[in-house]
Amino acid sequence: MLDTLTSEEIAARLAGPPAARAAFLRAAAEEGHAEAQAVYAQMLLDGVGVAMDPAAAFGWFRRAAAQHHLMALNMVGRCYELGWGVAVDMERAATCFRLAAERGLAEGMYNYATRLTLGEGVAQDREAALAWFERAAGMGYAKALNYVGSFAEDGWAGPRDMARAADCYARAAGGDFRGAFNHARMLHAAGDDDAAQRWFVDAAERGTPAFRVKLIAWLRAAADARLHALATSLER
């Protein structure tokens, strides 16, 4: 079916309502198209255009991964990591992330580096973790760049380097809400309160609800009346 359609016809199908898009992608997935399998799996995982079904999503991610679809392989790892449609298995998660990382996927590098940092599913190795974070950061992956900043700030794999940390956070801020928060922290510590407040607000607006709660708690715990006032405004 998919092979008989022009690129314009495919784009039109994908631009339709979520339910129609899901039906189209399922048909293409059943024909064996890896990209369709991966996208349809994500729709099943999120419940977009179709009933949420993590177990079915896991199955489709595995089928796409078997065809060397790297993002699907990474998502198989995420399913094992978080128990989406399958029992939690951190060793299998780490293996999936490592394979995706070795094949050049920035998200896989980030996820594998996180497992190495924490020692989950694999022996803890922070030097190796930093190397993978740096590789992903070099590909423009902001979340990894933020982690490189954290390594520099906390001295997890070498001497502390606050200048490098501040630079990494500043460069990560636009693409990662945690990077925005860390950039704001550095600006506040440097006395640039106006810029810090703007980045705190940006981090709160882009962050998850759980992150927003933690950010507000951090602002309230700070010894600064302006940050307390900002926390109050973010709670409204």
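This is a predicted model: local features need pLDDT of at least 70, side-chain atom pairs count only at pLDDT 80 or more; totals for chains, interfaces and linings use all residues.
## An aromatic cluster

Tyr-110, Phe-133, Tyr-141, Tyr-147, Phe-151 and Trp-156 are joined by ring pairs into a cluster.

Phe-151 has a relative accessible area of 3% and is buried. Trp-156, at 31%, is partly exposed. The ring of Trp-156 also has a charge over it: the charged end of Arg-126 sits there, 5.0 Å from the ring centre.

## Other ring pairs

In total, the structure contains 15 aromatic pairs. One of them is formed by Phe-58 and Tyr-80, with 5.3 Å from centre to centre and 80 degrees between the planes, an edge-to-face arrangement. This pair connects distant parts of the chain, since Phe-58 belongs to helix H4 (residues 54–65) and Tyr-80 to helix H5 (residues 70–82), 22 residues apart.

Phe-58 has a relative accessible area of 7%, so the residue counts as buried, the limit being under 20%. Tyr-80 is buried as well, with a value of 8%.

## Helices H11 and H12

Helix H11 covers residues 177–189 and helix H12 covers residues 193–206; the two pack with their axes 8 Å apart, at an angle of about 160 degrees. Because angles over 145 degrees count as roughly antiparallel, H11 is described as roughly antiparallel to H12. Their crossing is left-handed.

The contact between the two helices involves several residues on each side. From H11 come Phe-177, Ala-180, Phe-181, His-183, Ala-184, Arg-185, Leu-187 and His-188. They meet Asp-193, Ala-195, Ala-196, Trp-199, Phe-200, Asp-202, Ala-203 and Arg-206 of H12.

## The protein as a whole

The protein has 14 helices and 0 strands. Its pattern along the sequence is accordingly written with α elements: α-α-α-α-α-α-α-α-α-α-α-α-α-α.

Taken along the principal axes, the C-alpha atoms fill a box of roughly 60 × 40 × 35 Å. The protein has 236 residues, of which 43% count as buried. Among contacts with a separation of 6 or more, 40% are between residues 24 or more positions apart.

Notes: Residues are numbered from 1 along each chain as its sequence is written. Side-chain values use heavy atoms; hydrogens and water are left out. Rings of Phe, Tyr and Trp (its six-membered ring) pair if their centres lie within 6.5 Å; planes under 30 degrees apart count as stacked, over 60 as edge-to-face and the rest as tilted. Helices (H or I, at least four residues) and strands (E, at least two) are DSSP runs, numbered from the N terminus. Buried means under 20% relative accessible area, exposed over 50%, partly exposed in between (1.4 Å probe, protein chains only). A charge sits over a ring if NZ of Lys or CZ of Arg is within 6 Å of the ring centre and within 35 degrees of the ring normal. Axes are lines fitted to C-alpha atoms, for helices over the stretch in contact, and angles run from 0 to 180 degrees between N-to-C directions. Angles under 35 degrees count as roughly parallel, over 145 as roughly antiparallel, 65 to 115 as roughly perpendicular and the rest as oblique. A crossing is left-handed if the near helix is turned anticlockwise from the far one by less than a right angle, and right-handed if clockwise. Contact means heavy atoms within 4.5 Å.
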